[in-house]
Amino acid sequence: MKKLTFLITSGPTREYIDPVRFISNDSSGKMGRALALSALKRGHKVIFISGPSGVYPSSKAEIIKVVSAADMFKAVKKNLFKADVVIGAAAVSDFKPVFFHRHKIKKTGDNQTGGVLIKLKKNPDIIAYCAKNKRSRIVAGFALETKDLIKNARGKMKDKNLDLVVANAKESISCDLASVFIINKNGGMLKLENAGKKFIAGKIIDEIIGIYKNNQIGKKCS
Ligand code: C5P
């Protein structure tokens with residue numbers, strides 16, 4: 001089989017409020033790294049774009065370190081044309097502060113309330129952008145939900161035009177084990193319960209390669 005290039009986003013992003021404070025989340029980057037290692041093990045190329053997690057795959061991958069969602073978006077757009085497959089495993093912060101305070105915000109807060117109001121604005125949806133510009137690429141994402149897991153994950157796959165979505169509950173975040181549903185756009189679903197992230201990653205990569213091969217056959221026959 002042709003050697004594919006996987007572009008994988010991983011880890012959290014940080015949205016700085018002032019020089020020392022930021023909005024982020026608990027993403028460890030373990031799932032992203034496991035995906036990268038599985039793709040490398042199968043002989044594929046990996047471009048690994050990661051927020052600050054400290055968890056990276058081997059040096060066989062091209063590793064691009066970023067901080068904010070805006071940085072990640074820029075790096076993804078720059079590398080998208082090289083990719084056959086994009087996997088959005090990063091827990092991208094959906095919002096960022098409207099204003100970045102150049103100096104550390106004082107604990108005295110503002111004059112009226114003594115508190116601080118932080119207005120947020122939306123970050124770009126990176127995986128949705130990749131899917132919108134996918135051409136023949138396979139684009140896969142994750143959905144972490146606290147309720148209606150499968151329904152919401154399917155909704156996300158449709159709204160973002162993904163080929164595959166991995167639904168997981170919040171208990172999976174930063175753990176070595178996870179329970180996930182791997183759902184493809186043809187309705188196929190694989191449930192993996194309390195499995196290691198390495199095992200889950202292997203299943204995801206194999207499912208993606210299966211979709212890629214089917215697409216190639218479809219192209220030849222049409
Ligand atoms: O919409 P939600 O954040 O739940 O979607 C999760 C999926 O979308 C993940 O694959 C994540 O990497 C991706 N995502 C993204 N850019 C965002 C938000 C989410 O690529 N701004």
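Predicted model: local features only at pLDDT ≥ 70, side-chain atom pairs only at ≥ 80, totals over all residues.
Let's start with charge. Side chains of opposite charge can pair when their charged atoms come close. How many salt bridges does the structure hold? The count is nine.

First pair on my list: Asp176 and Lys30. Their side chains meet in a salt bridge, at 3.1 Å from N to O. Where do the two residues sit? Asp176 is in the loop between β10 (164-169) and β11 (177-184). Lys30 is in helix α1, residues 30-41. They are 146 residues apart, and the pair links distant parts of the chain. Now look at accessibility. Asp176 has a relative accessible area of 52%, and the cut-off for exposed is over 50%, so Asp176 counts as exposed. Lys30, at 23%, counts as partly exposed.

Next pair: Asp206 and Arg42. This salt bridge has an N to O distance of 2.7 Å. Asp206 lies in helix α5, while Arg42 lies in the loop between α1 and β4 (45-50), so the pair ties together parts that are 164 residues apart in sequence. Asp206 is partly exposed, at 41% relative accessibility. Arg42 is partly exposed too, with 32%.

Now Lys156 and Glu145. The closest N and O atoms of this salt bridge are 2.5 Å apart. Lys156 belongs to helix α4 (residues 149-159) and Glu145 to strand β9 (residues 138-145), so this pair ties together parts eleven residues apart in sequence. Is Glu145 buried or exposed? Buried: its relative accessibility is 13%, and buried means under 20%. Lys156 is partly exposed, at 28%.

Which residues of α5 are buried? Among them are Ile200, Ala201, Ile204, Ile205, Ile208, Ile209 and Tyr212. Keep one general point in mind. An α-helix has 3.6 residues a turn, so residues three or four places apart point the same way.

Last stop: the surface. Which residues form a positive surface patch? They are Lys3, Lys45, Lys74, Lys78 and Lys82. Take Lys3. This lysine is found in the segment before β1 (5-10). Lys3 is exposed, with a relative accessible area of 57%.

Key
Residues numbered from 1 in each chain as written. Heavy atoms only, no water. Patch = residues over 30% accessible without salt bridge, like charges linked within 9 Å, V, L, I, M, F, W, Y side chains within 5 Å. Areas by Shrake-Rupley, 256 points an atom, 1.4 Å probe, with all protein chains shown as cover. Salt bridge = Lys/Arg side-chain N within 4 Å of Asp/Glu carboxyl O. Lys, Arg positive; Asp, Glu negative; His and termini not counted. Charge placed at Lys NZ, Arg CZ, Asp CG, Glu CD. Helix = DSSP H or I, 4+ residues; strand = E, 2+ residues; numbered from the N terminus. Buried < 20%, exposed > 50% of the residue type's maximum accessible area, 1.4 Å probe, protein only.
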